[in-house]
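Thank you all for coming.

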Amino acid sequence: MASNKKRKLENQTDSKETNEERQLEDDIIGEILRLLPTKSSVLMSFVSKQWQSVWFALPAIHLDFDEEGEPLHDNNDDDNHVVRQHAKFINMFSWFVGFRKKDKQQQQLVEKFRIRMVRYSLLEDEATVVDKWLRFGLERNIKELDISLLGGGGKAGYTLPQTLFTSKSLTTLKLEHVTVNIDRHSLPVSLPSLKTVTLKTVRFNGYSSFRGLLSSSDGDLSPSIENLSIVSCSDVGTDMFWNISINSSTLKSLEVIDCDCRTISASAGNLESITIVSDYADFKLLNLYGCSKVNYMDIRARHLGTFNVAEFSQSLKEATLDVPNRCTCLYDCKLHDQRYILSRISAKVA
């Protein structure tokens, strides 16, 4: 009897040690998976059930669907090779998304989702594939989305789905080489958690799409947005942009670079950093009103006609003002030269 109890105790001890060892292995594998690129994690899930179970059991994951670019060639054989490589990229991550969607019990959160293609539209129905990938992330309360879909012609061919613009969890949105078309008849835009927006080479289907993405119902910038960057964006129909007007009490950082617009106006009481760079001949008027907390300013506009500043910060730590000598400079509605304005805002003349 005593012998049986002893064996039972030994078995329990061995089982406990085995469980602890397995848990330690799983913890180590989990840490490795967090550091691995998504592609490597997917490959590991093919060859090891243990690695697969650990990865799928993580409460939150970062997904990086990144297609490393190779230049397209004129040679047909090379083109065929590129298409095959692109198809492998699509198929691998489509398998992962499809496999994970079948598991209704394991709803991992997706904290960061990065989708980058350099050969978008080489295959048919790629928009449908990307729609499924985005739906997968949105269903898992994605927080940070970074999407860049560069096609062979360099144009933005993918139009973002309307469902993206009603995400309650999204805090960071980075868009590049895509098209935004806000349908006024669909659900209204609602991105209550969005804090950082980066738009690069984004094409908007009309000014209403631009304002619809960024503005609240009263026309001001969405109150949750703190950082806004607009780089080389344009309208689908004209390749030009519109007059950009930003009114916000929460915006801290504003960057507008190489957008073909005529006027940029900003009224933002909590703005700390502003960068405006343009070589376009049409850009003639820059208005900065009530930006009393700015400590960094970089204004470079070769063709600017009027620079109008009112109730502006007087404690800048760093400032650059590179505009034509003939540019009309107004400080609190009075005509002054560039050097006077820089001295008034206590900035080092660049």
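**Strands, core and charged pairs**

Let me begin with strand E12, which is joined to strand E14 (residues 285–289) by 5 bridges, the two strands running parallel; strands pair here if DSSP finds at least two bridges between them, and the helices (H or I, at least four residues) and strands (E, at least two) are DSSP runs, numbered from the N terminus. Before I go further, please keep in mind that this is a predicted model, in which local features need pLDDT of at least 70 and side-chain atom pairs count only at pLDDT 80 or more, while totals for chains, interfaces and linings use all residues. Residues are numbered from 1 along each chain as its sequence is written, and side-chain values use heavy atoms, with hydrogens and water left out.

Staying with this pairing, Ser267 stands opposite Tyr289 in E14. Strand E10 (residues 244–248) is also joined to E12 by 5 bridges, and these two run parallel as well, with Ser245 having Ser265 in E12 as its bridge partner. Is E12 enclosed or exposed? Of the 6 residues of E12 (residues 263–268), 5 are buried, so the strand is largely enclosed by the rest of the structure; buried means under 20% relative accessible area, exposed means over 50%, and partly exposed lies in between, with a 1.4 Å probe and protein chains only.

Helix H6 (207–214) is mostly covered too, since 6 of its 8 residues are buried, namely Ser209, Phe210, Arg211, Gly212, Leu213 and Leu214. If you look at what these buried residues pack against, you will find E4, E5, E6, strand E7 (203–204), E8 and E10.

Now to the nonpolar interior. In soluble globular proteins, nonpolar side chains tend to be buried together. A nonpolar core, as I use the term, is a set of buried Ala, Val, Leu, Ile, Met, Phe, Trp, Tyr and Cys residues joined through side-chain atoms within 4.5 Å. The largest such core in this model has 84 residues, and those with the most contacts inside it are Trp133, Met297 and Phe307. Helix H4 (residues 76–102) contributes the largest share of this core, 6 residues. Which residues does Trp133 touch, leaving aside its neighbours within four places in sequence? Taking contact to mean heavy atoms within 4.5 Å, the partners of Trp133 include Phe65, Phe89, Ile90, Phe93 and Val97, and also Phe113, Ile115 and Met117.

From there I would like to turn to charge. Side chains of opposite charge can pair when their charged atoms come close. Counting a salt bridge as a side-chain nitrogen of Lys or Arg within 4 Å of a carboxyl oxygen of Asp or Glu, the model has 10 salt bridges. In one of them, Arg114 meets Asp66 with 3.0 Å from N to O, and because Arg114 lies in strand E2 (residues 109–120) and Asp66 in strand E1 (residues 60–66), the pair ties together parts that are 48 residues apart in sequence. Arg114 is partly exposed, with a relative accessible area of 27%, and Asp66 is partly exposed at 31%.

Arg116 forms a salt bridge with Glu176, where the closest N and O atoms are 3.0 Å apart; this pair links strand E2 to strand E4 (residues 172–176), across 60 residues. Here, Arg116 and Glu176 are both buried.

Finally, the cysteines. How many disulfides are there? With a disulfide taken as a pair of cysteine sulfur atoms within 2.5 Å, the count is 0. The sulfur of Cys261 is 6.1 Å from the closest cysteine sulfur, in Cys259, which is too far for a bond, and Cys261 is buried, with a relative accessible area of 1%. Cys327 is in no disulfide either, as the nearest cysteine sulfur, that of Cys329, is 4.3 Å away, and at 7% relative accessibility Cys327 counts as buried.
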